[in-house]
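Open the structure in your viewer and keep the selection tool at hand. Each stop below tells you what to pick next.

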Amino acid sequence: MKGALLLLAGCSGEKAILPDMPKDGKGVVKAMYFHEQSFHQKYGDGLNQFIEKENPDLILVDAEQLTALAEKGKLLPLDAVLKQERFDTAGIPFLTVDFFRQLGGGHIYALSPTYNVEAIYYNVDLSREHGIEPPLNQMTWEELFELASRFGQLGNSPTSSKSLQGNSTFEVGIVTMPVNPANPGVSPFMSFNEMFAINSNSANKRIAWELLSYMCSPEMAKTLVSGYSLRLPIRNEGIAEIGGLPAEPFTMLKPYAGGGPGRNVLERVKASPEFNAQIYQTMNQTLICIVKEDKPVDEALAAMQKELQERLELEKKKIIPEAPCLNTNAVNS
């Protein structure tokens, strides 16, 4: 992807890491973005081959690719650039900046203009009708399951069951995903799918940086939360509303290097597709036990953890058993 930019060059008294902008203030930057070969780039040496062949100025990377490319010296460290260019981090949570630093083993190699975060949506009308308090931000999993089980108890009578089905229109509420009570300010349900790094061999480092800094600018943040295609900008402090919904559930929690959606956690285990499918099957069965069969949360979660840990140990040894059903004896005991 190529784009022509009209940008103003910054100035500094110290020796510049980045060259000056062209005298006319214009330039062309080649940015690597999603395309048909993305699968091969991620799961083979295709990414290195692509970089060597195309020599993009900006490189789209995920966490695993960032580590590998940084170790090979393919990416420009941005720490000194951020300082020298006086990059304004106002509005970007400290833990978000630190997240990028942790990914780079103590150095910042990439920035992401946007992020993804999962949240809990719930039926406000249903909670109000049955006098059940709605879920809250930063609940624990145990608290959420206990709350959900109260609706399961209402479903025992025909009248209640019909009421629980509800209708097609209702008021929607939203809260954060559950958190770890030992660290309630961060979330493992955040991910950065648009991390851009600057090619260390690029001849257009200055223009690449100007583009990247603009993508992460306050002006772009305002556009992302108010445009037709809504996105969550990393510069999210002070944002009150996103797409007509309160912004707090999307912005109050911060990332950490061990986070990412559950599917990314499974990818890091390097497990087989069969093992991943078993995990989701077991989690679904556990939820059914808690919500529909009114099983104690602690008991059901303990059984699930035991089941999944045993399967994980077998997976590590490459002894993959047939997908058994959840040990209902352990859950029902």
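**Before you start**

This is a predicted model, in which local features need pLDDT of at least 70, side-chain atom pairs count only at pLDDT 80 or more, and totals for chains, interfaces and linings use all residues. Residues are numbered from 1 along each chain as its sequence is written, and side-chain values use heavy atoms, with hydrogens and water left out.

**Stop 1: helix H9**

Select residues 205-215, helix H9. Helices are DSSP runs of H or I with at least four residues, strands are E runs of at least two, and both are numbered from the N terminus. In H9, 10 of the 11 residues are buried. Buried means under 20% relative accessible area, exposed means over 50%, and partly exposed lies in between (1.4 Å probe, protein chains only). Among the buried residues are Trp209, Leu211 and Leu212.

Now show the side chains of Arg206 and Glu210. They form a salt bridge, with the closest N and O atoms 2.9 Å apart. A salt bridge is a side-chain nitrogen of Lys or Arg within 4 Å of a carboxyl oxygen of Asp or Glu. The two residues sit 4 residues apart in H9, about one turn of the helix.

**Stop 2**

Next, select Arg231 and Glu194. This salt bridge is 3.3 Å, N to O. It links the loop between helix H10 (218-226) and strand E10 (232-233) to the loop between E8 and E9, 37 residues apart. Arg231 is partly exposed at 29% relative accessible area, while Glu194 is buried at 10%. The whole structure holds 10 salt bridges.

**Stop 3: the rings**

The structure has 7 aromatic pairs. Pick Tyr115 and Phe192: this pair is tilted, 6.2 Å centre to centre with 45° between the planes. Rings of Phe, Tyr and Trp (its six-membered ring) pair if their centres lie within 6.5 Å; planes under 30 degrees apart are stacked, over 60 edge-to-face, and the rest tilted. Tyr115 is in strand E5 (residues 114-117) and Phe192 in the loop between strands E8 (190-191) and E9 (195-198), so the pair ties together parts 77 residues apart in sequence. Tyr115 is buried at 3% relative accessible area; Phe192 is buried at 7%.

**Stop 4: the surface**

Which residues gather in a patch of negative charge? Select Glu142, Glu143, Glu146, Asp294 and Asp298. Patch residues have over 30% relative accessible area and no salt bridge; like charges are joined within 9 Å, nonpolar side chains (Val, Leu, Ile, Met, Phe, Trp, Tyr) within 5 Å. Helix H7 (residues 141-154) gives the most to this patch, with 3 residues. Asp298, in helix H14 (residues 297-316), is exposed at 58%.

Then pick Tyr121, Phe170 and Val172, which make a nonpolar patch of about 290 Å².

Select Arg86, in the loop between helix H4 (79-84) and helix H5 (94-103). Its phi is positive, about 50°, although Arg86 is not a glycine.

Note on methods: Areas by Shrake-Rupley, 256 points an atom, 1.4 Å probe, with all protein chains shown as cover. Lys, Arg positive; Asp, Glu negative; His and termini not counted. Charge placed at Lys NZ, Arg CZ, Asp CG, Glu CD.
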